[in-house]
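Have the sequence and the 3D view open as you read.

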Amino acid sequence: MEHSPPPFFNRGPAPVVRLTFFALASVFLMVLDARFRYTEPLRQVLITVAYPLQRAVLAPVEAAGRIGDYFQSLADLQQENAALRAEKLAAAQDLMTLEALRSENARLRGLLDARERARADAIFAEIVYAGRDPFARRIVIDKGFTQGVELGRPVVDAAGVLGQVTRVTPLASEVTLVTHKDHAIPVQVVRNGLRGVAYGAADGTGMELRHLAANAEVQPGDDLVTSGIDGVYPPGLPVGKVVRVDRDAAFSFARIVVAPVAGTDRHRQVLVLRATEDAPPYPAAEEQAKKPSAKTRRTKRGEP
Amino acid sequence: MAIYASGQRILLPVNPWFIAFTMAVAFLFNLLPWRDVRGVPDLLALVIVFWAVREPRKIGIGTPFALGVLMDAANGVLLGQHALAYSVMAFMAITLSRRILWFGPVAQAAHVLGIFFVGQLLMFGVRAVAGAASPGWLYFLGPLIAAALWPLASFLMLAPQRRPESVDETRPI
């Protein structure tokens with residue numbers, strides 16, 4: 001102590017000490033976040049604090065868009081209106097047949113004693129912005145758990161499946177897109193009912209259908225819909241279209257590239273599906289139940 | 001107080017509120033939805049490095065760390081990614097500040113380019129370890145643009161500290 005300089009220019013701990021402390025704190029945070037998810041409450045608070053700021057920053061952008069809409073020419077709007085009317089008419093026809101088919105389907109399913117398909121209830125939401133993380137495909141929507149959004153709910157737009165809710169805060173939610181590298185969605189080829197799992201491509205731009213044999217019956221142009229076996233996505237939602245199929249004998253699996261039908265760049269409005277019926281209870285292990293257990297066998301043996 | 005090269009004018013002391021103001025503006029800039037535009041410079045990193053170079057006694061490493069955590073939460077990325085990068089960048093800026101201030105604006109930009117690049121590489125490394133998809137080469141355009149903005153940024157952020165030019169032949173400095 002007697003050799004230390006007088007504290008005229010006391011600057012606290014040396015920069016190296018501070019750097020070590022804060023770098024260790026960062027690494028600690030990252031481990032807590034990535035491995036154990038202990039940091040969710042802290043993150044919720046920070047996101048909720050930052051959300052009004054984000055909306056404020058976005059306000060001029062949105063206002064500019066709205067002003068552009070306002071000055072859109074009358075002719076454009078009339079044209080669009082006519083197109084929408086025609087579309088609505090076509091849709092109404094489909095809807096009428098759909099109602100008839102739905103009741104017929106319910107009756108037939110009743111006859112077959114099959115479980116009724118759940119009609120998913122939906123929450124309307126708007127995309128606030130595409131997430132700013134350049135490493136991962138995510139979008140943020142303007143509905144949170146105060147509006148009933150729950151973790152894991154599927155999100156669709158007018159064309160098809162967009163993704164899944166992966167983080168919920170009070171006022172906004174984060175949606176991981178189907179093109180995310182770690183996102184998997186069980187799908188079915190419409191043409192022949194072949195089931196598979198589509199993953200986000202490694203470069204984050206498309207999807208691929210993995211783990212299908214090299215001679216699998218898939219062609220370019222095939223439509224893929226959700227198969228619904230995961231209990232998250234309701235069955236029958238359009239997911240994508242097969243773009244390319246590489247059958248290389250060197251690999252045991254075909255390389256099947258899929259282009260998603262939904263797009264963040266095309267639609268601003270999305271639906272968060274919810275209230276899919278709970279999955280049926282896991283089938284009881286009948287074989288085990290039938291098979292007499294070792295204990296009963298022993299007692300049976302001991303009886304005579 | 002930094003030691004200046006000959007020919008540089010002595011500046012007024014900085015207002016701490018102005019530092020906070022520039023950081024807030026840069027943070028809001030970073031909050032804009034830049035997802036689909038690649039190579040956007042990280043203005044918050046630029047401001048942090050600038051003040052760490054200019055005022056190494058006012059900017060520690062705690063402020064950059066806290067701002068980094070805020071950026072992580074707002075961006076929805078791994079908590080600690082920006083915090084680590086900003087802490088290291090601030091440390092490098094503080095350590096090199098004496099040296100950097102000795103140069104003119106363009107040479108300073110060349111120095112901070114290295115700092116920005118280290119920060120970007122750190123974030124890239126963290127995400128690569130965490131198993132994220134590759135962001136593409138344009139990701140590393142950000143530091144270049146940030147360094148190119150350095151002369152302009154330092155001119156703007158030093159503006160409140162400049163004194164009116166009054167030629168006084170009798171004054172020694």
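Strand 2 (residues 138–141) and strand 5 (residues 173–177) of chain A pair in the antiparallel sense over 4 bridges; strands pair when DSSP finds at least two bridges between them. Within this pairing, A:Ile139 has A:Val175 of strand 5 of chain A as its bridge partner. Helices (H or I, at least four residues) and strands (E, at least two) are DSSP runs, numbered from the N terminus.

Both strands belong to a closed barrel of 6 strands in chain A, which runs 1-2-5-4-3-12 with antiparallel pairing. On average, neighbouring strands of this sheet are turned by 45° against each other, direction ignored. Strand 12 (residues 269–274) of chain A is joined to strand 1 (residues 121–130) of chain A by 6 bridges, the two running antiparallel, and A:Ala125 stands opposite A:Val270 there. Strand 12 of chain A also pairs with strand 3 (residues 154–156) of chain A, again in the antiparallel sense, over 2 bridges. Here A:Val156 stands opposite A:Leu271.

## Model and confidence

This is a predicted model, in which local features need pLDDT of at least 70 and side-chain atom pairs count only at pLDDT 80 or more, while totals for chains, interfaces and linings use all residues. Residues are numbered from 1 along each chain as its sequence is written, and chains are lettered from A and ligands numbered from 1 in the order in which they are written.

The mean pLDDT (the predictor's confidence in each residue, from 0 to 100) of chain A is 80, and 83% of its residues reach 70 or more. Over residues 293–304 of chain A, pLDDT stays under 50, and the model has 1 contact beyond four places in sequence for them. Two residues are in contact if their C-beta atoms, placed from the backbone, lie within 7 Å.

Another 6 strands of chain A close into a barrel in the order 6-7-8-11-10-9, with antiparallel pairing. Its neighbouring strands are turned by 40° against each other on average, direction ignored. Strand 7 (residues 195–200) and strand 8 (residues 207–210) of chain A run antiparallel and are joined by 4 bridges; A:Tyr199 stands opposite A:Glu208 of strand 8.

## Domains of chain A

The domain assignment, which is automatic or from a database, gives chain A domain 1 (13–70), domain 2 (74–116) and domain 3 (117–274). The centres of domain 1 and domain 3 of chain A, taken over C-alpha atoms, are separated by 26 Å. Their contact takes 5 residues from domain 1 of chain A and 6 residues from domain 3 of chain A.

## Where the chains meet

In all, 38 residues of chain B are in contact with 37 residues of chain A. Helix 4 of chain B gives the most to the side of chain B that touches chain A, with 8 residues.

How do helix 1 of chain A and helix 4 of chain B cross, and at what angle? The axes of helix 1 (residues 15–36) of chain A and helix 4 (residues 81–100) of chain B come within 8 Å and cross at roughly 170°. Axes are lines fitted to C-alpha atoms, for helices over the stretch in contact, and angles run from 0 to 180 degrees between N-to-C directions. The two helices are therefore roughly antiparallel to each other (angles over 145 degrees count as such). Residues making the contact include A:Leu19 and A:Phe22 of helix 1 of chain A and B:Leu84 and B:Phe91 of helix 4 of chain B.

Technical notes:
Parallel < 35°, antiparallel > 145°, perpendicular 65-115°, else oblique.
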